[in-house]
Structures are given as structure tokens and as C-alpha cells.
Amino acid sequence: MAQAVVTRFAPSPTGFLHIGGARTALFNWLYARAKGGKMLLRIEDTDRERSTEPAVQAIIEGLEWMGLAADEPPVSQFERAERHREVVEQLLEAGQAYRCYASQAELEEMRERARAEKRPPRYDGRWRDRDPSEAPAGVKPVIRLRAPLEGETIVDDKVQGQIRFPNKDLDDFVLLRSDGNPTYMLAVVIDDHDMGVTHIIRGDDHLTNAGRQTLIYRALGWDVPVMAHIPLIHGSDGAKLSKRHGALGIEAYRSMGYLPVALRNYLVRLGWSHGDEEIISTEDMIAWFDVDEINKGAARFDFAKFEALNGHWIRRTDDADLVEMLMTERDFLPNGAILKSHPDAEIRAKLSAAMPGLKERAKTLVELTESTAYLFASRPLPLEEKAAAILDDGGRDIVAAIMTRFEAANWTAEDLEVVVRDYAEAEGLKLGKVAQPLRAALTGRTTSPGVFDVLAVLGRDESLGRLSDQAN
């Protein structure tokens, strides 16, 4: 029976969950789902000076918002330090590791010599075969791996292909520092083994670690997980991703009004594809995803494409779901106060009635929220400059004339449209010439859902009141 797939996402809590980390989490989550396995979360918090609890919470909340929550509670790497030290003792007893008493001055001398000889700095193995009885008094040793001196360490990477590391370049690296704390290189291997991780999917900035970590696995007699190192994300200009390109925390995308489903869709296309499919549901991602199909080349983050995709998903989302989404996300949107100006029941009712027309134009939830402002505005409405100009240019006369016809009308979008068309025909006006001042008076703006839908959603009393405010 094949071993169940276990992936892991292992961020350092030194900042928020950024876009590159989110894509790594997505790929791990998708692969686990595609193979009927599970994704675990490990917080690599051994850097105590830079790790913060708010960052840990931001990572967990960011994953949950994206719909990528781990399948088990998060594991703290720092809290496992005793287990790491225990494994080092096993390596010492097996002769796979040794104590090194080289001083800082000696290590610096090695580095200087390497620089002078124009080669990478490497530990020269001076304590590899010496008896610890020769150790200088008062020096606390580090523990180093007794790495092979000849041959190659080969990593069969699912994305990068076969990677060969000459063992002479890997050297006897440190496993345990002189203060007894484990190095990142050691802790990752032990944690992945103990968590049952079968597949390591991470950024290709970790590729150089793969050779050394493979040596640790072999020294311990453990199976090496399948590795897949995915290319980093670049900006639209091909340069390394920065904040101006979109290298922001996930919380920033939430506050900008992006939908989790759209973010998942966009991120999965950064480095992976399924034919020419651009719009991919999460269900299809799970059905189609495989690490073998991840591209080797760096993907480019394009804000314009992402925004267009987000607009698509807003239009595709069920009206009732969008209403509930706005009620939840209003606490995170910069203009969310618009949706807190009236009792929740009234806000829900008006959003539900207006949503079919509202969602057609919005590319983000911020835009969608802004377009709802007219629903909850207090009279008299503030007018945008262009709306005021339309009303001042004969528009108020049209509003006044049409009001008298509205007062006797049946208040439905269909009947109100008949009233307006009849008036326009009688006055020899194009429909738009009548609809524009109506829209300006009803919303204070020159863009909105269809003016007849606006009238129906606002209702008779509110509509006539707003029209009266702007009529001559």
C-alpha cells in the first residue's frame, strides 16, 4: 500500500504571510488534496529575536482566509529543541557527527585563506579525527556532521530535475551550536521526519539546502522525502518581486478587496498550468494539480491581470454569497464603514436587492463597497462634480417633470422604465438624456447600476425624496 502523502508549509514568523509564501502554501495544499493526503503547518520560530507572536497569528489567519488551513494544529520548531539535541546525540554515538573545538579565530583564518585562494569558504575538518581529550580548556564545541569527502550527493527534484552536489563542497557543516541550540539545517530534517512529511514543496531559494539535508537524512538512516523546488515569483518587468510589484502581505490583498478564490486561481497559474485554462475553480485545481507540471522558469506577477481575474470571480459569485462576504470583509476594507451606517438587516436587504446590478462593474470588494454608497447615503446627497454639472445643464427640469409621472406609477423597474421611455418619446429626447439626470439625482454619481433598478431598490419614498431634493 502506497504511503499517504503528507506535505508541509514551514514559514518563519518574522513578518506577515507574503505572496510567495502563499503560493508555496497553495501548492502544498493542492498536492495534498490531489493525492488524498494532508498538509501540515510548521512555524520555524528558532530565531527568537525576530520571531513574533503577531506574525504567527497573521500567518495562521492568512492561511485560513485563503481557504488553505492546515489539517492539524501548527508545530513550533523552537519547542522541539530537546528532540533535536537528542538526535544529535544519536549521530555522535554512531560516529556520524563529531565535536569541533575550533575557535572563532581559527574559523576566520580559514575564511581568509579561502578568500585569498578565490574559493568558497569551507571548514577544513581539523577536528574530524582528533581525540576530544586534545580539546582546549573552557571551549564549548559545536557538533558537526561527518560528511562524505568524496563522490556526489544527488537530489532528484520533481521540478528542477537531477541536481548533483559534489560532497567536497558540502563540508562538515554545523548541526548543534556551541550554546546547544540546533541549526536550521538539522531542525528541518528532524521535524520533517517526525511529522511524517513525504513531499517537500518549497521555493528554489532552498535548493542549496537540499544537498546538505539529504546528507543528514542518510546519516540517520531515514528515507529522504520527495523534493520539489519551485521558482520564485518575479515582477511584471522580470525583476525580483518587490512591494511595487505586489510583494505584500496577504492581509494587504484582503484589505484591497481581493477574493480568496481569485487569489488561489491567480497564484496557481504562477508557475503551473493546465492547458490554456485561465479561470480555474478550486475543485478543478485539486483534480488537475501535480508537481511534475510546475514550470522551471520564474513566474511574473501582474497586478492588472490579477485585478481582471478578481472582477471575473466577483461576477461569478452567487449574489447571496457576495452579500455575506461584504458583511464579513467590511471590517477589513478601508471603506467598510459604508456598510455599517444602518442596521445590519437593512444593509443586507438593500445589498441583496442591488447586488445583480452592482457586481457587474466591480473589480474588487473595495469598488463593490464604494458602489453601494448611494444605497445608504443621507439626504441631501453629496454630488460628484460631473453629476452636479448634468443637473445644472437642464437636468433639474427633467427630474422635476418626470417626478410627477413617477408619483402615479406602479413601483417596479419594468413599469418605471415605461414611464421614462414615454416621457423621453413625448419630449423628443434620447433615453440617455433622461436617465443621466435621474441617475445623478438618485445616486450623486454618473455611474451606477441601471437607473430603473436603482429606483426599484431605493423604493418609492426614498427615490421621490432624492429626486425632489434636486428638482427645480
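Author: Helices (H or I, at least four residues) and strands (E, at least two) are DSSP runs, numbered from the N terminus. The model is predicted, so local features need pLDDT of at least 70 and side-chain atom pairs count only at pLDDT 80 or more, while totals for chains, interfaces and linings use all residues. Residues are numbered from 1 along each chain as its sequence is written, and side-chain values use heavy atoms, with hydrogens and water left out.

Reader: What makes K296 exposed, and where does K296 lie?

Author: K296 lies in the loop between α9 and β12. Buried means under 20% relative accessible area, exposed over 50%, and partly exposed in between, with a 1.4 Å probe and protein chains only; K296 has 53%, and is therefore exposed.

Reader: Which residues does K296 touch, not counting residues up to four places away in sequence?

Author: Contact means heavy atoms within 4.5 Å, and on that basis K296 touches V159, Q160 and P231. The C-alpha atoms of K296 and D204, which are 92 residues apart along the chain, are separated by 9.5 Å.

Reader: Why is helix α8 called largely enclosed by the rest of the structure?

Author: Of the 9 residues of α8 (residues 260-268), 9 are buried, and therefore the helix is largely enclosed by the rest of the structure. Among the buried residues are P260, R264, N265 and Y266, and the buried residues of α8 pack against α1 (19-34), α2 (53-66), α7 (250-255), α9 (282-288), β12 (299-301) and α10 (303-316).

Reader: Why is α16 called oblique to α17?

Author: The axes of α16 (residues 413-427) and α17 (residues 431-443) come within 9 Å and cross at roughly 125°. Axes are lines fitted to C-alpha atoms, for helices over the stretch in contact, and angles run from 0 to 180 degrees between N-to-C directions. Angles under 35 degrees count as roughly parallel, over 145 as roughly antiparallel, 65 to 115 as roughly perpendicular and the rest as oblique, which makes α16 oblique to α17.

Reader: Which residues of α16 and α17 meet?

Author: From α16, V420, R421, Y423 and A424 meet L431, V434 and L438 in α17.

Reader: What leaves one side of β1 and of β3 without a neighbour in the sheet?

Author: Two strands pair if DSSP finds at least two bridges between them. The open sheet of 3 strands has the order β1-β2-β3 with parallel pairing; β1 (6-9) and β3 (75-76) stand at its edges, each with a single partner strand, and so one side of each has no neighbour in the sheet. Strand β2 (residues 38-43) is joined to β3 by 2 bridges, and I43 has S76 in β3 as its bridge partner.
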